[in-house]
Amino acid sequence: MRWYIPYGNPTYFIWLALAIVPLMIGLLYGRRFRGYQTIISLFFLILTFGGPNWRTGIALIGYLAYQVILVAVYSKYRQRKASPNKGWPFVLAVILAIVPLVIVKVTPAIESGRQSIIGFLGISYITFKVVQTIMETRDGIIKEFHPVLFGQFLLFFPTISSGPIDRYRRFLADYDSVPKRADYLNLIQTGVRYVFTGFVYKFILAYIFGTVLMPGIEQRAILAHGFSWNIVAYMYVYSLDLFFDFAGYSLFAVGISYLMGIKTPMNFNQPFKSKNIKDFWNRWHMTLSFWFRDYIFMRLVFFFMKHKVFKSRVTTANVCYVINMLIMGFWHGETWFYITYGLFHGCALVINDTWLRYKKKHQDVIPHNRFTEWFAIFLTFNVVCFSFLIFSGFLNTLFFWTK
């Protein structure tokens, strides 16, 4: 049996088209064939985690059982009368939820690149879904737990490998309902447009930047034996390849979700038009950025302020920016360039907030016009591209790699 990377092969799209047409017909006539949706979900999960990668499929099954039991136990605890929404049960539940991901991320660093046997494609994004469900259960936002629906949420196949990261309550609202015909026709129109835009992004533009241009530029940069303009060229080409490849994938995931009547949130919103680094993180990989904001940054701020760790709110926010982005860097991998990337963006957010506060106090002397806006976009774009050069690991190859 063949193994397919989601959206990586034209044959995968043929299977997609054949599989979702009956579901679309049902939605047009006011019915959601949930049993059929479960069947095609299992089919695409087998295409992704079966064949030569069957071991990852076993890991996925074990992981799913573990997380469903964990969330079920914690949900039952929270449903008890007078159950506290804080304390060690909540902390323990979160720790237990992220333990598999930590093992998967740390194993290559401590075992010379060997991958963990419990790892599989998409474990990070599923873990984020589990943690947010535990946190919202703790906060009393989620009051009931349905293991089958929770499994559908975790294993929603259009988004399983790389997001976008949906929210349980939002997903459940769509899954439990059928859109009106006019609304669903709009979803079809938008979904088809997203899929075709995704083809342009991933299979044309990302191919040009990543396959046609990048290898030659990379080779010339290496042959230059040090700093050269080829490194600058690589920085821009890599940044555009990264964007079009990932944004193309995300458009596929969102577009297919729309065709299935599920309004999965968008992941990108013209990020290279950002006017500052905070604006960038409100536009780039938005579901991940908002996840880190809501479930790490905001909770760190609340914890530090509640315990009066720092006297100043500004200091609290700045420390939390750095911690938040460092965690994101470590999540990408335990290498100096990923960690530096996270630290870079944490410091950039601190500098950005400092500048915005200064600008607010001196509005009368700091100009604001079309030129300054375009300059802000230009500056932000270049700062972001430099951070992607760090993220790429190419500087490690160029200056530190030895045979």
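Student: Is Thr107 buried or exposed in this structure?
Tutor: This is a predicted model, and Thr107 has its place in helix 4, residues 88-110. A residue counts as buried when its relative accessible area is under 20%. The relative accessible area of Thr107 is 9%, so Thr107 is buried.

Student: Leaving aside neighbours within four places in sequence, with which residues is Thr107 in contact?
Tutor: Contact here requires heavy atoms within 4.5 Å. With the neighbours within four places in sequence set aside, the partners of Thr107 are Arg114, Gln115 and Ser116.

Student: How does Arg357 count in terms of accessibility?
Tutor: Arg357 belongs to helix 13, which covers residues 336-361. Partly exposed residues fall between the buried limit of 20% and the exposed limit of 50%. Because the relative accessibility of Arg357 is 33%, this residue counts as partly exposed.

Student: How far apart in space are Arg357 and Gln79?
Tutor: In sequence, 278 residues separate Arg357 from Gln79. Beyond its neighbours within four places in sequence, Arg357 is in contact with Val314 and Asn318. From C-alpha to C-alpha, the distance between Arg357 and Gln79 is 44 Å.

Student: Which residues are in contact with Phe150, leaving aside its neighbours within four places in sequence?
Tutor: Apart from neighbours within four places in sequence, its contacts are Gln67, Val68, Val71, Val130, Thr133, Phe145 and Tyr168.

Student: What radius of gyration does the protein chain have, and what would a compact globule have?
Tutor: The protein chain has 15 helices and zero strands, and its C-alpha trace spans about 60 × 55 × 50 Å along the principal axes. With 403 residues, a compact globule would have a radius of gyration near 22 Å. The value for the protein chain agrees with this, being 23 Å.

Student: What percentage of contacts between residues at least 6 apart in sequence join residues at least 24 apart?
Tutor: Of the 403 residues of the protein chain, 49% count as buried. Among contacts in the protein chain between residues at least 6 apart in sequence, the share joining residues at least 24 apart is 73%.

Note on methods. Residues numbered from 1 in each chain as written. Predicted model: local features only at pLDDT ≥ 70, side-chain atom pairs only at ≥ 80, totals over all residues. Heavy atoms only, no water. Helix = DSSP H or I, 4+ residues; strand = E, 2+ residues; numbered from the N terminus. Rg over C-alpha atoms; globule rule 2.2 N^0.38 Å. Buried < 20%, exposed > 50% of the residue type's maximum accessible area, 1.4 Å probe, protein only.
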